[in-house]
Amino acid sequence: MTSVIEQCQVAPPPGSAAELTLPFTYFDHVWLAFHRMRRILFYKLSIPKSDFVQNIIPPLKDSLSLALKHYTPLAGNVACPLDSSGYPELRYVTDDSVSVTFSETDMDFNYFIGDHPHIAKDFYHFLPQLAEPKDAPGVKLAPVLAIQVTLFPNVGISIGFTNHHAAGDGATIVGFIRAWALLHKFGGHEQFLENEFIPFYDRSVIKDPHGQGMSIWEDMKKYGLEMRDIVTPPDKVRGTFTITRDDTGKLKNLILSRRSSLTHVTSFIVTSAYVWTCLIKSEAAIGEDIDDNVMEFFGCPADCRARFNPPLPPSYFGNCIIGYIARIRHADLAGKEGFTIAVELIRESIQKRMKDEEWILNGSWFRQYTDVDVNRCLSVAGSPKLDLYAADFGWGRPAKLEFVSIDSGDGISMSLSKSKDFDGDLEVGLSLSKTQMNAFAAIFTHGLSFL
């Protein structure tokens with residue numbers, strides 16, 4: 001399926017990056033028990049293997065090295081203490097580096113960039129696995145990032161990223177990818193690196209008046225944290241569904257016709273509510289019998305950088321997201337008014353907390369997870385605000401983005417991004433059993449056709 005052309009380690013340029021240690025904040029701890037994040041970007045590029053080896057691999061390595069000069073922690077490790085008295089941190093020391101694999105494949109590029117259902121396991125050929133953790137005095141060191149670049153000869157290239165979520169959220173990782181793309185596109189000239197892609201590292205801006213950092217760390221230690229990157233490709237299919245600007249406009253009008261008070265409903269809210277209710281209907285369509293009183297949950301990430309007073313810089317490096325949780329009885333969500341109720345609940349969960357700084361500072365955001373049944377939760381990965389389709393390495397926009405890590409974990413996760421084709425359209429990615437994917441696709445398409 002794939003064969004390795006070169007495996008190497010890429011570090012920041014010698015002498016360009018000082019050693020750096022970043023203590024974890026309460027935003028980072030929660031991700032220590034989370035699966036690794038996996039993304040793939042596919043680019044159309046008609047080049048033979050000889051050209052790939054001579055003219056693509058060297059500048060990719062050079063520009064990656066320059067990007068790591070600015071994003072040095074991504075070349076480092078998560079340092080997790082071996083005894084109960086320690087505290088986790090993100091650590092970069094001289095000679096740390098990122099594992100990069102260059103490979104080639106004879107698989108069908110056009111198959112992978114289509115929106116039709118794909119066998120989920122197929123995508124793992126283009127993703128690297130993080131190296132095994134290493135022992136160091138008093139700590140276990142787990143690599144933060146690995147990259148795999150795969151050539152589809154004379155057709156295209158894919159770039160796969162695997163990263164430890166504890167090192168940084170989507171804004172941080174997308175910032176790094178776009179910085180690398182810019183540096184490659186402009187031949188390593190750093191003056192083209194916009195300020196929004198220069199990371200801000202001062203962790204003292206994260207206020208913790210209630211000591212929730214230590215409190216959450218004490219809770220996380222109870223989980224028996226797994227430092228290895230365990231990869232288990234699932235027996236699922238992946239599909240991409242587009243909701244157009246016209247679709248979201250009609251969904252908003254439908255809500256207004258039912259609830260005139262529901263003004264200022266965003267495209268994110270109606271899209272999430274529509275997918276949530278279609279998923280619930282798809283369970284019934286394939287014969288799953290869910291008790292009416294079972295609680296259903298919806299979780300969406302919220303970037304807190306702008307929610308502090310004063311706000312954090314948008315380029316703050318690390319995790320700075322929390323989850324907003326909506327909850328409802330299964331019978332209510334599955335009923336005739338399910339979509340309308342879902343819109344109301346998601347809208348309320350966001351508006352209720354989006355300006356509540358104290359809710360973040362006192363740790364209430366973390367305690368809300370205690371009664372969430374992850375097996376009955378739909379969560380959102382990604383954001384239309386984090387535009388990976390803008391990551392142009394000089395080959396044009398990506399032909400496809402795949403958020404592969406939605407395969408992992410309990411419950412269902414939907415990826416959400418801007419459309420690759422039209423401004424205002426949204427792409428939804430799902431990973432489901434084949435039978436549920438077929439049912440969902442039919443319900444999703446049928447519902448939009450009747451708007």
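A contact here means heavy atoms within 4.5 Å. On that definition, residues 24 or more positions apart account for 79% of the contacts in the chain with a separation of 6 or more.

Two notes on provenance before I go on. This is a predicted model, in which local features need pLDDT of at least 70 and side-chain atom pairs count only at pLDDT 80 or more, while totals for chains, interfaces and linings use all residues. Residues are numbered from 1 along each chain as its sequence is written, and side-chain values use heavy atoms, with hydrogens and water left out.

Now the overall picture. The chain has twelve helices and 18 strands; these are DSSP runs numbered from the N terminus, helices being H or I with at least four residues and strands being E with at least two. The C-alpha trace spans about 60 × 55 × 40 Å along its principal axes. For 451 residues, a compact globule would have a radius of gyration near 22 Å, and the chain agrees because its value is 22 Å. That radius is taken over C-alpha atoms, and the globule rule is 2.2 Å times the number of residues to the power 0.38.

Next, the surface. Of the 451 residues, 54% are buried. Buried means under 20% relative accessible area, exposed means over 50%, and partly exposed is in between, with a 1.4 Å probe and protein chains only. The chain exposes about 18900 Å², and carbon and sulfur atoms supply 52% of that. The areas come from the Shrake-Rupley method with a 1.4 Å probe; for residues, only the protein chains shown count as cover.

On charge, the chain has 43 positive and 54 negative charges, and their mean positions are 4 Å apart. Lys and Arg count as positive, Asp and Glu as negative, and His and the chain ends are not counted. The place of a charge is NZ of Lys, CZ of Arg, CG of Asp or CD of Glu.

Now the loops, starting with the one between E13 and E14. Ser315 sits there, between strand E13 (295-303) and strand E14 (321-329). Is Ser315 buried or exposed? Ser315 counts as buried because its relative accessible area is 17%. Outside its sequence neighbours up to four places away, Ser315 touches Glu196, Ile198, Pro199 and Phe200. A polar atom of the Ser315 side chain lies 3.1 Å from the backbone oxygen of Ile198. Pro310 is also placed in the loop between E13 and E14, and a cis peptide bond joins Asn309 and Pro310, with omega about 0°.

Two residues other than glycine have positive phi. Asp95, with phi of about 85°, lies in the loop between strand E5 (89-92) and strand E6 (98-105). Asp95 is exposed, at 70% relative accessible area. Asn154, with phi near 65°, is in the loop between strand E10 (145-152) and strand E11 (156-163). At 46%, Asn154 is partly exposed.

Last, Pro117. Pro117 lies in the loop between helix H3 (109-112) and strand E7 (118-119). Which residues does Pro117 touch, not counting those up to four places away in sequence? They are Arg238, Gly239 and Met437. Pro117 is partly exposed, with a relative accessible area of 45%.

Definitions and conventions:
Polar contact = N/O pair within 3.5 Å; in protein donor to acceptor, adjacent residues only side chain to side chain.
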